[in-house]
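Work through the following exercises with the model open in a viewer, and try each task before reading its solution.

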Amino acid sequence: MDANNPSSVSSESLTSRGTDGDATILVSGPSRRREYTAVALLFFVNLLNYIDRYTIAGVLSDIEKYYDLSKSEAGLLQTMFIVGYMLLAPLFGYLGDRYSRKLLMCVGILFWSLTTLLGSFIPPHLFSLLLVIRAAVGVGEASYSTIAPTIISDLFTDAMRSRMLGLFYFAIPVGSGLGYMLGSSIAQGTGEWQWALRVTPGFGVLSVLLIILFLRDPPRGGAEGGAHVASTTWLMDIRCLLVKSVPICQN
């Protein structure tokens, strides 16, 4: 951009500096529309995330009959999902701070879509394999749920950030309810509970294509003026969690 030519200033955003040296970002129409599009896309994928997660609940009685399970054994399906999610979520949080968030989300969505689809083909004598696959679904969903909110945080500030995150998390109750209803409806309509697990993977692939085409991974800290955010080691992150008085943790 030519500083001496006002016409060369980008129509998307302007950056000015006050007397205190802080950068202020003035965002115009085209850039703001891209940000809203990003939130809408992330909301859609989060909605799909929770639909996929709770589809099992809508067909749980059919699964119990198919695998000849007790109530406690059937409950292991959600337990294994949570275990996979819980163990890998911190890792994806770490990776999301240091590598391409867009790539990590795409890989995670494809992984959870594939494992969800595979879960519909497990024969009656291999219930233990279905448990492993449900844990793998949790791993895939952990990659998205831990990373997507950070992208929204880097697109907006203050009250607008809160509103956009509120919209993003509104997908939790809506998606959970839809997952339960769609799962049972598809099972009843097709006569086979397995088809309830074969619908969302196609939308997962569509989500990846939309992310590749329309989502821009903003610079970390970009909403606050594009300030550089230094990376820290894993040990330093743990130290910051335990001892908040460490100087680097207060920056």
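The model is predicted, so local features were taken only at pLDDT of at least 70 and side-chain atom pairs only at pLDDT 80 or more, while totals for chains, interfaces and linings use all residues. Numbering starts from 1 along each chain as its sequence is written, and side-chain values use heavy atoms, with hydrogens and water left out.

**Exercise 1. Describe the make-up of the protein chain and its burial.**

Step one is to list the elements: the chain has nine helices and two strands, where helices (H or I, at least four residues) and strands (E, at least two) are DSSP runs numbered from the N terminus. Read from the N terminus, their order is β-β-α-α-α-α-α-α-α-α-α.

Step two is burial, and of the 251 residues 38% are buried; buried means under 20% relative accessible area, exposed over 50%, and partly exposed in between, with a 1.4 Å probe and protein chains only.

Step three concerns contacts (heavy atoms within 4.5 Å): among those with a separation of 6 or more, 76% are between residues 24 or more positions apart.

**Exercise 2. Characterise the surroundings of Ser145.**

Ser145 belongs to helix H5 (residues 127–153), and it counts as buried because its relative accessibility is 14%. Leaving aside residues up to four places away in sequence, Ser145 touches Asn49, Arg53 and Tyr85. With Asn49 there is a side-chain polar contact of 2.9 Å; such a contact is a pair of N or O atoms within 3.5 Å, where within protein one must be able to donate a hydrogen and the other to accept it, and residues adjacent in sequence count only if both atoms are side-chain atoms.

**Exercise 3. Classify two of the aromatic pairs.**

Rings of Phe, Tyr and Trp (its six-membered ring) pair if their centres lie within 6.5 Å, and planes under 30 degrees apart count as stacked, over 60 as edge-to-face and the rest as tilted. The structure holds nine such pairs. The rings of Tyr66 and Tyr67 have centres 4.9 Å apart and planes at 80 degrees, so this pair is edge-to-face. For Phe81 and Tyr85, the centres are 6.3 Å apart and the planes at 25 degrees, so this pair is stacked. Phe81 and Tyr85 are four residues apart in helix H3 (residues 71–96), and about one helical turn therefore separates them. Phe81 is buried, at a relative accessible area of 0%.
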